[in-house]
Amino acid sequence: MVMASVPDGRWSYTCCLAGDRVHEFALKLKGASYMEIHKAGGGIGFTVDNTRAASEDVLLDLYLQRLRLMLRNGTTLLESKSGYGLDTQTELKMLHVIEKAKSLQPIDISSTYCGAHSVPKGMSEADGTKDVLENQIPAVVAAMKNGEISVDSIDVFCEKGVYETESSKQILLAGKELGMMINFHAEELNYIGGVEMGVSIGATAISHLEEISDEGIQQMASSNAVAVILPTTAHILKLKHPPVKKMLEEGVIVALGTDFNPNAYCVSMVTVMNLACIMFRMSMEESLVAATLNAAASVGKSDMHGSIEVGKFGDLVMFDAPRWEHIIYQMNASEIISHVIKKGKVVVSK
């Protein structure tokens with residue numbers, strides 16, 4: 001069989017968390033919306049309860065299991081978020097687990113602090129914002145200064161009924177002032193001007209974007225902000241598809257990610273690439289660039305990841321296939337991965 005290879009530096013997205021939400025999948029099949037489940041105490045809140053109850057050792061074991069699956073599916077670079085603690089103690093616990101995992105397996109991990117993933121139970125949006133600004137962020141920065149953790153980016157769920165645009169802006173700017181890149185959720189369920197706000201404060205990447213406006217597309221095209229498209233979430237939640245073709249036509253830098261979390265339990269970037277082509281009419285070439293070079297750019301890593309070039313890391317995925325397009329064409333493409341090479345060393349061999 002002819003062997004095909006593609007650059008790695010592929011971007012997956014995972015969260016350090018405990019518990020699944022298989023019971024909620026059944027509710028979604030019956031017609032329940034994401035926000036209906038969220039307001040009833042499910043969704044992020046359900047995972048927060050499980051993650052708070054889990055020990056650091058349990059979280060690390062679960063996290064390493066997922067990283068091994070992602071590696072076997074061809075990922076060598078990923079962004080990993082906190083966000084299922086919503087309090088200082090648990091957010092730090094998650095960031096400590098992410099930090100430990102960096103030295104225990106081959107995947108390069110870009111860490112993101114996401115303490116504003118949801119408004120905690122019993123708090124208002126204003127209370128949650130104050131807690132993030134006055135308690136959580138100072139504790140994260142202290143841990144960074146002590147050498148306990150390293151955090152690259154800050155995230156917030158900028159959404160109607162969660163953290164609205166002004167609260168999101170305050171939180172994101174607080175992180176930016178401390179040296180973190182801005183990489184956040186916006187315009188997933190409702191249009192509230194999150195993209196325009198993000199571009200105005202220098203966001204590195206903005207994700208989801210199902211409800212992005214034409215003005216938001218134009219502003220992203222005129223900036224270096226990367227649009228991170230997450231097909232699994234749009235598919236599972238039956239959301240309006242983000243206008244990916246229009247973004248590409250307007251010159252927006254488009255990346256792809258798995259959005260691995262209990263709502264979208266996917267560890268395979270090749271599955272994501274297939275969905276992007278079918279759902280959003282991306283070409284296979286566009287999908288490949290979005291999953292490699294542009295994905296690396298979304299976490300500020302394209303200088304050393306995402307393409308096969310002299311001077312960059314030797315991260316490659318090799319396939320038992322006659323043409324590279326088989327990684328998208330075959331719906332079980334993970335099965336044809338023969339080798340994963342990380343910095344010139346074979347780390348997966350089938």
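This is a predicted model: local features need pLDDT of at least 70, side-chain atom pairs count only at pLDDT 80 or more; totals for chains, interfaces and linings use all residues.
The phi angle of Lys238 is near 55°, a positive value in a residue other than glycine. Most residues other than glycine have a negative phi.

Asp259 likewise has a phi near 55°, again positive in a residue other than glycine. Asp259 belongs to the loop between strand E9 (253–256) and helix H12 (269–280). Because its relative accessibility is 4%, under the 20% limit, Asp259 counts as buried.

## The largest cavity

Rolling a probe the size of a water molecule over the atoms shows where empty space is left. The model contains two cavities of 30 Å³ or more, and the largest cavity has a volume of about 130 Å³. Of the 14 residues that line the largest cavity, those closest to its centre are Tyr34, His117, His185, Asp259 and Asn261.

By residue class, the lining of the largest cavity is made up of five nonpolar, six polar and three charged residues.

## The largest pocket

The largest pocket has a volume of about 160 Å³. Its lining consists of His38, Gly41, Gly42, Gly45, Val48, Asp49, Arg52, Leu86, Ser118, Val119, Pro120 and Lys121. Helix H3 supplies the largest share of this lining, with four residues. In terms of class, the lining of the largest pocket comprises four nonpolar, five polar and three charged residues.

## Salt bridges between separate elements

The structure holds 14 salt bridges. One of them joins Asp49 and Lys121, whose closest N and O atoms are 3.0 Å apart. Asp49 lies in helix H3 (residues 44–53), whereas Lys121 is in the loop between strand E4 (108–116) and helix H6 (125–145), so the pair ties together parts that are 72 residues apart in sequence. Asp49 is partly exposed, at 37% relative accessibility, and Lys121 is exposed, at 59%. Both residues are also named in the lining of the largest pocket.

Lys100 and Glu56 form another salt bridge, with an N to O distance of 2.7 Å. Lys100 is located in helix H5 (residues 88–102) and Glu56 in helix H4 (residues 56–72); the pair therefore ties together parts that are 44 residues apart in sequence. Lys100 is partly exposed, with a relative accessible area of 38%. Glu56 is also partly exposed, with a value of 24%.

Lys312 counts as buried, at 15% relative accessibility, whereas Glu309 is partly exposed, with a relative accessible area of 45%.

Elsewhere, salt bridges link Asp108, Asp315, Lys342 and Lys343 in a network.

## The surroundings of Thr165

Thr165 is found in helix H7, which spans residues 165–177. With a relative accessible area of 19%, Thr165 falls under the 20% limit and is therefore buried. A polar atom of the Thr165 side chain lies 2.8 Å from the backbone oxygen of Ile192.

Ile192 is also one of the residues in contact with Thr165 when neighbours within four places in sequence are left aside.

## Gly202

Gly202 is placed in the loop between helix H8 (194–200) and strand E7 (205–208). This glycine is partly exposed, with a relative accessible area of 43%. Gly202 and Val141 are 61 residues apart in sequence, and their C-alpha atoms are 21 Å apart in space.

Conventions: Residues are numbered from 1 along each chain as its sequence is written. Side-chain values use heavy atoms; hydrogens and water are left out. Helices (H or I, at least four residues) and strands (E, at least two) are DSSP runs, numbered from the N terminus. Buried means under 20% relative accessible area, exposed over 50%, partly exposed in between (1.4 Å probe, protein chains only). A polar contact is a pair of N or O atoms within 3.5 Å; within protein, one must be able to donate a hydrogen and the other to accept it, and residues adjacent in sequence count only if both atoms are side-chain atoms. Contact means heavy atoms within 4.5 Å. On a 1 Å grid over the protein atoms alone, a cavity is a set of points where a 1.4 Å probe fits but cannot get out, and a pocket is an open set with protein on both sides within 12 Å along at least five of seven lines; lining residues have an atom within 4 Å of a point. Grid points are joined across faces, edges and corners, and a volume is the space filled by probe spheres set on the points. Ala, Val, Leu, Ile, Met, Phe, Trp, Tyr, Cys and Pro count as nonpolar, Asp, Glu, Lys and Arg as charged, and the others, Gly among them, as polar. A salt bridge is a side-chain nitrogen of Lys or Arg within 4 Å of a carboxyl oxygen of Asp or Glu.
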